[in-house]
Amino acid sequence: MNGRESVTGDVPAKIGQWSLVRHPLTWILLAYTALGLGLLAPYQFQINPDGIAYLDIAEKYARGDVWGAVNAYWSPLISWLTAGLRLLGLPPQVAIKLVLLTGGAVALGGVWRLLGTVPCGCGRWRPPGQFRSRCTTPCT
């Protein structure tokens with residue numbers, strides 16, 4: 001396979017069909033990232049009590065205090081990712097906002113993937129990645 005063939009071995013009719021520039025999800029993620037980074041500076045210090053707890057746990061992980069960081073209430077994933085960015089030298093507020101922005105982008109990609117397999121009006125399923133406003137296969 002040379003990268004332009006599908007799983008069945010068919011070559012697409014249009015050369016630019018597989019271009020990332022033409023994919024709507026690319027533009028959605030670019031707009032989401034631009035909006036998120038644009039709002040990062042004005043809302044950098046806006047944080048809720050849970051965010052303070054995540055930052056406290058992340059600081060403990062970054063210092064190597066694993067026993068003090070283990071917590072039965074908050075999930076460790078956000079703290080682990082934030083601690084990694086803290087070790088790179090980012091300020092705590094920026095680090096956690098970037099982790100949450102990345103999580104939102106991953107969630108958008110997952111929702112896009114799920115929408116590609118929603119049923120058509122006649123009960124048929126669309127193949128993944130062929131999201132359209134209406135089904136292209138006729139109902140019989």
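This is a predicted model: local features need pLDDT of at least 70, side-chain atom pairs count only at pLDDT 80 or more; totals for chains, interfaces and linings use all residues.
1. Setting aside neighbours within four places in sequence, Gln44 is in contact with Gln93, Val94 and Lys97, where contact means heavy atoms within 4.5 Å.

2. Residues are numbered from 1 along each chain as its sequence is written, and side-chain values use heavy atoms, with hydrogens and water left out.

3. On to the fold. The chain has 5 helices and 0 strands, in the order α-α-α-α-α along the sequence. Helices (H or I, at least four residues) and strands (E, at least two) are DSSP runs, numbered from the N terminus.

4. Now the aromatics. A ring pair is described by the distance of the centres and the angle of the planes. Rings of Phe, Tyr and Trp (its six-membered ring) pair if their centres lie within 6.5 Å; planes under 30 degrees apart are stacked, over 60 edge-to-face, and the rest tilted. That rule gives 3 aromatic pairs. In one of them, Tyr61 and Trp80 have ring centres 6.4 Å apart and planes at 70°, so this pair is edge-to-face. Tyr61 belongs to helix 2 (residues 49-63) and Trp80 to helix 4 (residues 76-87), so the pair ties together parts 19 residues apart in sequence. Trp80 itself is partly exposed, at 47% relative accessibility.

5. Tyr73 and Trp74 make another edge-to-face pair, with 4.7 Å from centre to centre and 85° between the planes. How exposed is Tyr73? Its relative accessibility is 66%, so Tyr73 counts as exposed. Trp74, at 23%, counts as partly exposed. Ring pairs also join Tyr54, Tyr73 and Trp74 into a cluster.

6. Finally, the chain totals. Buried residues account for 18% of the 140 residues. Of the contacts between residues at least 6 apart in sequence, 35% join residues at least 24 apart. The chain exposes about 10100 Å², with 66% of that supplied by carbon and sulfur atoms; the areas come from the Shrake-Rupley method with a 1.4 Å probe, and for residues only the protein chains shown count as cover.

How values were computed
Buried means under 20% relative accessible area, exposed over 50%, partly exposed in between (1.4 Å probe, protein chains only).
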